[in-house]
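Visitor: I have a new structure to read. Please show me how to go through it.

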Amino acid sequence: MFKIGSVALDNNILLAPMAGVADGAFRAICRKFGCALTYTEMVSAKALSFQDAKTCRMLKIDDAEKPCGVQIFGSEPEVMARVARDAVVGGAALLDINMGCPMPKVADHGDGAALMRNPDLVAKIVHAVVRAACVPVTVKIRKGWDEQSINAVEVAKIAQENGAAAVAVHGRTRQQMYTGKADWGIIKAVKDALGIPVIGNGDIFAAEDALKMLELTGCDAVMVGRGAQGNPFIFRQINALLQTGSVMYMPTLQDKIQTLLEQVSLMIAQKGEYIAIREARKHAAWYLKGERNSARVRGELNHAGTLADLKKILQTVL
Ligand SMILES: Cc1cc2nc3c(=O)[nH]c(=O)nc-3n(C[C@H](O)[C@H](O)[C@H](O)COP(=O)(O)O)c2cc1C
């Protein structure tokens, strides 16, 4: 068992927050395949403070995705503290603060990864949110802003000093975005410096990668992002490898299609068919990656407008 503050989890394999990917449906599917904790897509603290309806809907968490953390982003300590309680009314187990988002629309406003350039502000934000929240508060950081300003250890220590219950570290700088290789050495450096749990993140694409990260860095838990896209099976595989020493589960094409359709039916229930099918196109392409005719099928998927269209295309694959 792995604990973050007072929250006890089944294991130490987590799904990364992914805006536009890890919606409620995908979180439920990943949980079903054995991930211990899911996170909402990042939610703007400012929009939440204005009670923006779309943002408030992002806080809703179904039982099947629990335990799930809500991730907020922002840079104003008072605003973030003010929304800390409201953010978890949908049933979140913990509250995560985004200090890693590299996207200009976030970082250019001083939010996300830009916070790593301002350790004093990090201290104020974590302090304020921890005091206001009624659940454990965690922080997700990167290696640093760029190669000239690598300060993950400093920022992680500040988070710990101000009451964070765990820190997740993505081993890339903001400048790298998602290019190059994640530096697992920085995860080890943070682990060596902290007493609270450290969650390692970056470039886990197979069960063996998770085992390697745990062994090489000593981190307490691993967080899988892109490696789970179209591949929630990775959670079952990592669990099997950690428990038995071998990956015993390999999904067949039928398994993949069945799981995809289960995810799509959850998406339809949550968003309606029109939006769900459009959003499901990329998930379908990920599920079918590497299968025979996947390039042709990807093209066809882009024209699927209804569940019936999607099923027809999947039939041709089978
Ligand atoms: C499409 C996409 C959306 C993401 N959205 C978020 C987000 O909302 N919050 C966050 O902290 N990180 C976000 N990330 C970063 C991931 O959580 C993770 O740190 C990163 O992908 C590295 O892990 P990986 O190599 O396992 O993918 C996103 C990544 C991707 C690919």
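Visitor: How far apart do the C-alpha centres of domain 1 and domain 2 lie?

Guide: First, a caution: this is a predicted model. Now the domains. The chain is divided into domain 1, residues 2–244, and domain 2, residues 253–317. Their C-alpha centres lie 28 Å apart.

Visitor: How many residues of each domain are in contact?

Guide: Count each side on its own. Nine residues of domain 1 are in contact with ten of domain 2. Next, sort a side by class. On the side of domain 1 that touches domain 2, five residues are nonpolar, three are polar and one is charged.

Visitor: At what angle do helix α12 and helix α13 pack?

Guide: Find the two helices. Helix α12 spans residues 273–288, and helix α13 spans residues 294–301. They pack at an angle of about 170 degrees, and their axes are 10 Å apart. Angles over 145 degrees count as roughly antiparallel. So α12 and α13 are roughly antiparallel to each other.

Visitor: Which residues make the contact?

Guide: From α12 come Arg281, Ala284, Ala285 and Leu288. From α13 come Ser294, Val297, Arg298 and Leu301. By class, this contact has five nonpolar, one polar and two charged residues.

Definitions and conventions: Residues numbered from 1 in each chain as written. Predicted model: local features only at pLDDT ≥ 70, side-chain atom pairs only at ≥ 80, totals over all residues. Axes fitted to C-alpha atoms, helices over the stretch in contact; angles between N-to-C directions. Helix = DSSP H or I, 4+ residues; strand = E, 2+ residues; numbered from the N terminus. Parallel < 35°, antiparallel > 145°, perpendicular 65-115°, else oblique. Contact = placed C-beta atoms within 7 Å. Nonpolar A, V, L, I, M, F, W, Y, C, P; charged D, E, K, R; others polar. Domains from an automatic or database assignment.
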